[in-house]
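Subject: Handover of a structure

Hello,

I am passing this structure on to you. Please open it first, then read the notes below it.

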Amino acid sequence: MSAFTPPPLPSDDKRWKIVNGTMRKNGFARHALIETLHTVQSSFGYLDDDAIRFVARSLRVPLSQAYGVVTFYHYFSLKPPGKHTVTVCAGTACYIKGADKLIATAEKKLGIAQGQTTKDGNVSLMVARCVGACSRAPVSLCDGEILGEMSSEQMIEQLERWTVE
Amino acid sequence: MTIEELEQIAKSVQQENAKYDYELNVCMDLACASQGADKLKDALVKAVEASGKKVLVRRTGCMGPCSHGPLVRVDPEETTYSKAKAQHAEKIVAQLGGEPVAELQCDLNDHFDSQVRVVLENAGYIDPEKIDDYISRDGYKALLLVLTEMTPNGVVHRITESGLRGRGGGGYPTGLKWGTVAKSHGDLKYVVCNGDEGDPGAFMDRSVMEGDPHRVIEGMAIAAYAVGASKGFIYVRAEYPVAVSRLTTAIREARRRGLLGNNICNTPFNFDVEIRLGAGAFVCGEETALLASIEGRRGTPRPRPPYPAMSGLFGKPTLINNVETYANIAPIVRNGGKWFFNMGSERSKGTKVFALTGKIANTGLVEVPMGIKLREIIERIGGGVPQGHKFKAVQTGGPSGGCIPAEMLDVGVSYDALLKMGSIMGSGGMIVMDDTSCMVNVAKFFIEFCMTESCGKCIPCRAGTAQMYTLLTRICNGTGTMDDLELLEQLCCTVKEASLCGLGQTAPNPVLSTLKYFRNEYMEHIVNKRCGAGVCNMEQAVEVMA
């Protein structure tokens with residue numbers, strides 16, 4: 001059996017080297033698929049077809065399996081995120097304390113449904129299952145920063161701050 | 001690393017700490033951090049420098065009562081300050097040695113007095129990123145003791161003797177599980193830590209991994225020695241970036257100290273741990289799905305047997321335990337199985353950490369002995385339901401659990417008692433609901449959760465939860481009929497009996513338990529087209545009737 005040569009990097013973009021590094025660290029083993037996809041997502045912000053194809057070929061995983069994994073796990077996104085992201089936690093504690101109202105407020109304000117990005121690519125509205133900050137419910141993550149005990153007014157204020165920029 | 005060296009480290013840390021007159025422990029867990037704990041810590045450091053006092057400012061993991069955060073504990077006086085902000089820093093430092101700052105003091109005696117801390121014994125006392133802090137509080141002593149003085153069988157025996165049951169929710173006897181893996185044949189075995197805390201409303205495992213990561217690693221290493229494994233994986237949710245980074249640091253530090261790697265403590269024992277990231281799938285908390293995910297595949301469960309103890313990760317015998325289970329191991333080894341056995345109720349031993357959230361005054365983490373009454377947890381430790389509202393139910397066990405009504409609050413918390421009430425222990429989320437929550441809507445919330453989280457492999461779960469969701473939606477918007485209710489109950493049975501894994505088998509629990517205790521609310525929705533709590537929107541029903 002001839003030795004396996006991984007496919008060339010898709011482009012000169014340095015981020016591919018980071019992705020390749022993760023795979024090399026795991027000896028291009030198939031079980032590194034999820035780890036590698038995590039690296040792609042953290043480097044590029046999302047997973048596009050080229051990335052999935054490249055990772056699948058490098059790890060010798062059938063494309064169907066790679067795509068199956070990407071679509072199975074909620075954490076992976078096939079669409080590029082907006083400039084800003086607001087993630088409303090919809091865990092049980094947040095739900096009991098009115099997370100659904102927060103989501104409705106944000107949807108109305110942005111004119112998009114949860115999981116979508118505004119047309120200008122400015123804000124993405126996501127819903128998380130639970131971020132583990134239940135004691136401060138309802139919680140939202142605004143560009144990664146945790147805001148606890150959030151009211152609808154605060155949500156609108158935050159979103160307006162982003163639109164003004 | 002030998003026991004003597006370990007004691008040397010502990011001693012030098014104690015000497016170092018003795019140089020200071022006071023300690024200011026600042027809780028930097030997620031809840032406190034989101035309220036400005038990092039600014040507070042910086043301000044405290046500055047204020048200490050300016051004052052010239054000998055004060056150690058330490059970052060710690062979760063202290064517990066998150067709703068009072070940011071928290072600062074002054075040692076050796078053990079004064080706790082709540083809602084401390086950066087502007088209070090100078091005053092806090094100035095008052096050291098004198099009268100405590102009155103405006104920041106809060107009375108949490110009721111909150112702490114009924115708690116027994118085993119898993120959380122270090123929470124609020126150590127810096128999670130410093131291995132020496134952990135060692136100074138008897139850390140890794142149990143591991144070295146096991147390696148030098150005990151046989152693997154002896155360890156399994158001690159765990160069996162303690163009566164510890166799996167803290168992930170199922171409550172399978174830990175000793176028995178270890179024994180099975182130890183007896184399985186195989187040159188290679190794995191130890192896996194389930195840190196995929198997918199249960200919404202629970203964050204105990206996150207706090208343990210973030211606040212005391214070495215405890216988990218030590219527990220895993222002891223387990224590996226007992227079952228004959230040399231490789232471990234910690235499966236952590238990607239949604240917990242801090243836990244991932246703390247564990248990564250902890251593993252690196254442990255390797256550096258020779259507490260992970262080859263020939264640990266100059267014995268032939270080799271063990272190393274790797275972190276694997278979850279990717280947001282609730283079903284991956286199920287053991288066979290978790291293993292599939294570590295192998296880089298879709299997290300779909302498979303039928304058991306063969307159990308992972310026989311054929312698990314990469315087809316090798318695998319031990320899977322929850323974070324909290326591993327966190328209990330070191331104290332059991334140190335203090336003996338009997339010590340643990342004497343805590344708790346008849347068939348549930350030891351303590352349990354609960355994440356107390358929802359409509360309750362003191363939200364946060366609590367650790368209580370098994371067998372304690374729910375009322376005690378909610379009214380005394382939790383401080384009851386605030387703002388003059390009336391307690392309605394407490395939800396335990398997340399989407400696999402059920403809602404327990406007020407009249408059952410005098411039951412002691414144990415695996416069996418909760419099961420009997422139609423709920424489960426689960427991983428430890430405890431969500432309190434008051435009269436502003438509609439129980440039908442809560443049931444709908446959980447079924448929607450299970451519907452989206454169902455992996456789709458088996459039909460009862462995939463199609464059953466979807467149908468249940470449709471029925472519940474109808475009842476919630478006032479278009480449901482009595483036939484719908486009957487069909488819903490039948491479906492609950494089918495999904496419960498016929499699903500492949502724990503997700504499906506327990507998915508109907510929230511519906512069944514609310515039907516059992518709050519049937520009147522369902523009836524009111526169906527017959528009177530009215531939602532007592534005012535949560536459900538009944539406009540559609542009014543249109544139909546008109």
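First, the ground rules. This is a predicted model: local features need pLDDT of at least 70 and side-chain atom pairs count only at pLDDT 80 or more, while totals for chains, interfaces and linings use all residues. Residues are numbered from 1 along each chain as its sequence is written, and chains are lettered from A and ligands numbered from 1 in the order in which they are written.

Strands in chain B

Start with strand S3 of chain B, residues 72-75. Strands here are DSSP runs of E with at least two residues, and helices are runs of H or I with at least four, both numbered from the N terminus. S3(B) has two faces: B:Val72 and B:Val74 are on the covered one, and B:Arg73 and B:Asp75 are on the uncovered one. In a regular strand the side chains alternate between the two faces of the sheet.

S3(B) pairs with strand S1 of chain B, residues 22-27, through four bridges. Two strands pair if DSSP finds at least two bridges between them. S1(B) and S3(B) run antiparallel. B:Asn25 has B:Arg73 as its bridge partner in S3(B).

S3(B) also pairs with strand S4 of chain B, residues 79-81. Three bridges join them, again antiparallel. Here B:Val72 is partnered by B:Tyr81. The hairpin of S3(B) and S4(B) has three residues between the strands. In that hairpin, B:Glu78 takes a positive phi near 60°.

Cis peptide bonds

B:Gly69 and B:Pro70 are joined by a cis peptide bond, with omega about -5°. B:Pro70 sits in the loop between strand S2 (55-60) and S3 of chain B. The bond from B:Pro305 to B:Pro306 is cis too, with omega near 0°. B:Pro306 is in the loop between helix H13 (287-294) and strand S8 (318-322) of chain B.

Positive phi

That loop between H13 and S8 also holds B:Phe314. B:Phe314 is not a glycine, yet its phi is positive, about 50°. B:Phe314 is partly exposed, with 13 C-beta neighbours inside 10 Å. The scale uses C-beta atoms placed from the backbone: a residue is buried with 20 or more others within 10 Å, exposed with 12 or fewer, and partly exposed in between.

In chain A, A:Glu149 has a positive phi of about 45° and is not a glycine. A:Glu149 lies in the loop between strand S4 (145-147) and helix H7 (152-164) of chain A.

Domains in chain A

Chain A is divided into domain 1 (15-72) and domain 2 (84-164). The bounds come from an automatic or database domain assignment. Their C-alpha centres lie 29 Å apart.

Best wishes
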